[in-house]
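The report below describes how two protein chains meet and how parts of each chain are arranged. Please keep the sequence and the structure in view while reading.

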Amino acid sequence: MKLDSKIPEGHISQKWTDYKDHLKLVAPNNRPKIDIIVVGTGLAGASAAASLGEMGYNVKAFCFQDSPRRAHSIAAQGGINAAKNYQNDGDSTFRLFYDTIKGGDYRAREANVHRLAEVSGNIIDQCVAQGVPFARDYGGLLDNRSFGGTQVQRTFYAAGQTGQQLLLGAYSALSRQIGLGRVQMFNRHEMLDLVKVDGKARGIIARNLVTGEIERHSAHAVIIASGGYGNVYFLSTNAMGSNVTAGWKVHKQGAAFANPCYVQIHPTCIPVHGTNQSKLTLMSESLRNSGRIWVPKKKEDAEAIRAGKLKPTQIAEEDRDYYLERRYPAFGNLVPRDVASRAAKERCDAGFGIEANDTNEGVYLDFSTEIQNKGKQAAYAKGNHHPTAEEITALGKQWLEEKYGNLFTMYQKITDENPYETPMKIYPAVHYTMGGVWVDYNLQSTIPGCFVAGEANFSDHGANRLGASALMQGLADGYFVLPYTVSDYLADDIRTGKIPTNSPEFDEAEKRVKDSINFFLNNNGTKTVDHFHKRLGLIMWNKVGMGRNEQGLKEAIAEIAALKDEFYKDVFVPGSADELNPELEKALRVADFIELGQLMAMDALQRKESCGGHFREEYQDSEGETLRDDENFKFVGAWEYKGDDISKEELHKEELKYEFIKIAARNYK
Amino acid sequence: MSSAKNININLKIWRQKNAKTKGSMETYKLDNVSTASSFLEMLDQLNEQLVNERKEPIAFDHDCREGICGMCSLYINGRAHGPDTGITTCQLHMRMFKDGDTIYVEPWRSKAFPVIKDLVVDRSAFDRIQQAGGFVSVNTSGNTIDANATPINKDDADKSFEAAACIGCGACVATCKNGSAMLFVGAKVSQYALLPQGKIEATNRVLNMVRQMDEEGFGNCTNTGACEIECPKGISLENIARMNREYLKASIK
């Protein structure tokens, strides 16, 4: 396998422009002769399907939910970045590019990230034109806020529901194309394999989740935009149905899988409440603009809180350890996610966690200072220069409610505690996966004709992702990159004609899918699918989680391999193949999670350095910060499938070159 | 300080093999449910128990489990999304119930939302309404004007956002005695009616969306207001009024 990144020559600021000028085109009258499949309808998939449909290609789009509007992009809260410099605080394409590369701990591709920064402004223009109701100021112009890892205000937002509004914007563009008959939508369908003809991606096998029917769909190109694989951990902030199946099947058909060990742990989630928990809920990172993070300074106070003998509001200011402000004065509570997450773990591991359950894991996100500051400001703005303490608090709470009301309500519903009165309890949780299917500059995998976009690919984030950058990448890929690069690929296909679905290649792929389904339904074991998924999750969280070390990773690899054997021997899947069967759907997905989990541990084991979301405990400096090894590990780790035994996978390295940014230690102090 | 405890509950749940067969209420008993669990986590626990007894688990729709995707859709004790306001079923917690309670769980009930299996219904009618006009007809090329070239009054933008916050779960339809979708359609029409973008096609938009809504078999609004009360996102009846005004304007044009 050869990894050719196809990064164009030239100056970084001109690469994409020059490249686009020379890509091949498909004439409008030839586009209806070409079929394209898009798997997944989140920000990347919906925007790609809408754009390609708009151009005149025949598009078939697939999602496992009952409607494309449900894709998990909808849950993103805080915002989307764009280098518009509306706030005149020194933002620029270069600065967004620089922050993203630095945030990614110098493990992302320069050319891809610069392109992302370049089109970021267009994304906002496009979404506003589609009627996305972004927040506005009183002058009627767009409002901005700041996010972790940056010192400018470049984040555009719609209350705490930015992902929802951007997805509904893309969904409306997609709906328009469906209504016009240019996109055919397949709801409640799951892609279960990729079909290759003469080495090229030429179709998929999908299961109609309602009838159980196995369907063959052919196309001249296949785009995978199926999201991330955080559910390997069982507990994560991902939607319950999010899975890696499409990406993993593509991998098994020959696409390299890159940097699987890069998993972002989000610092501000609601802590785990008990053993029956099914998923974790994220509290937007934007809260860190207004909240101060702390744990008690004294261990006995933390113990008293856990025992229910002390309330956080009873801890005096001088007995609180605002550990982010203490350790990182320049960025304070706005350090990047990986830094904030590890700092929380460090305090909890040291015995200062505040959650009253067997994990003891949790820190406070406290809004009392902000209530006082903003309350005072609001009183002054009303001409009241001698407000009482009660007036200040009331106005401060009102200010918070306007800014974050929906998040505060959500927190209260879940935890039964009022965050206006008592600090929120938060703890890091698995959130976003930076690894994924390896793609070149065209977003094409190592299988010709198989493109991968959004979170499903590995490309733009490096070892860590800054806040408000995933929405940006999803829409950049779908609206502004794939329409060009896919067209370039398809220019050679205008004479190919319809791809038949009665070929031996489709027969074989369909047989693989049916064999797998029949296996699970006839296995007749004794344990549920969730039983195995939860056990996998525990291995992953404990040994391939926020901190990894050589011994733990070796144990994880062996334990997952053993779990895989047991899963195939002893899993029980009720019901039949020809009906809506959620247990069967889960079994097929967990089979893929188990294999990927092993590969994640292998990737983490070979990467003998710490960077971004990948923290190898052996590689840290005297202050507990990540210690990168640029000399030996400045590469993308891309794995090649070599059969059922995952330990046989072969690692290929794509060297990363930094020509326009000087590599430095990542410092937020 | 967690006040979580365990309770035992009785469940009466609608079971229906598919759209063609007749369904019935079945009784289940579930012990040791943590009051810190969500309602869907309770159903997970029941399903785990059923599968371990080698019985078919209960099919229900769910995905994000944080109240935003709009996929969960249960009728609990006679109310859409259960006995709490301003939330979806996934955010309903078992602390709302008492030890020994009997809880009734049914699918959305509406002619336009046929049952697929057990508690899962088909809401694709909403998608078809959206496809009939719930968009701005702008090319996806990104070659539009600068986003700040069209200032929008903050109050209008906020109002538009409030309408756009609809999650399309269908609680409004399920709770309406007429099975009306006017809160959903009203919210979509309002989002665009309050913004300058797409004004040029406002007439077609509202006429097409309302036509599709009628074709799908949804009933009419008789201003009872149950939809607004049960809407997890607090979408206001004002949106129905705005849709009616837009429709009237479009009809006499």
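## The interface between chains A and B

Together, chain A and chain B bury about 6,600 Å², and 51% of this lies on carbon and sulfur atoms; buried area is the accessible area (1.4 Å probe) that two parts lose on being put together, summed over both. Of the area that chain A buries against chain B, 11% comes from A:R70, A:R136 and A:K413, more than from any other three residues. In terms of contact (heavy atoms within 4.5 Å), 86 residues of chain A meet 73 residues of chain B.

This is a predicted model, in which local features need pLDDT of at least 70 and side-chain atom pairs count only at pLDDT 80 or more, while totals for chains, interfaces and linings use all residues. Residues are numbered from 1 along each chain as its sequence is written, chains are lettered from A and ligands numbered from 1 in the order in which they are written, and side-chain values use heavy atoms, with hydrogens and water left out.

A salt bridge joins the side chains of A:E579 and B:K117, at 3.2 Å from N to O.

Several helices of chain A, including α4 (110-129), α5 (162-179) and α16 (582-606), each supply at least two residues of the side that touches chain B. Helices (H or I, at least four residues) and strands (E, at least two) are DSSP runs, numbered from the N terminus. Helix α5(A) gives the most to this side of chain A, with 10 residues.

## An open sheet in chain A

Chain A holds an open sheet of 5 strands in the order β5-β2-β1-β9-β17, with parallel pairing; two strands pair if DSSP finds at least two bridges between them. At the edges are β5 (183-186) and β17 (450-452) of chain A, each of which pairs on one side only. From one strand to the next, the twist averages 20°; axes are lines fitted to C-alpha atoms, for helices over the stretch in contact, and angles run from 0 to 180 degrees between N-to-C directions.

Strand β2 (residues 58-62) of chain A pairs with β5(A) in the parallel sense over 4 bridges. Within β5(A), A:F186 stands opposite A:F62. Helix α2 (residues 43-55) of chain A packs on the sheet, and its direction makes about 165° with that of β2(A).

## Strand pairing in chain B

In chain B, strand β1 (residues 6-15) and strand β5 (residues 102-107) pair in the parallel sense over 4 bridges. Strand β3 (residues 74-76) of chain B pairs with β5(B) in the antiparallel sense over 3 bridges. B:V105 in β5(B) stands opposite B:I13 and is the bridge partner of B:I76.

## Side-chain links within chain A

Over all chains, the count comes to 79 salt bridges. One of them joins the side chains of A:R337 and A:E285, at 2.8 Å from N to O. Because A:R337 lies in helix α9 (residues 337-352) of chain A and A:E285 in the loop between β11 (263-269) and β12 (292-296) of chain A, the pair ties together parts that are 52 residues apart in sequence.

Note on methods:
A salt bridge is a side-chain nitrogen of Lys or Arg within 4 Å of a carboxyl oxygen of Asp or Glu.
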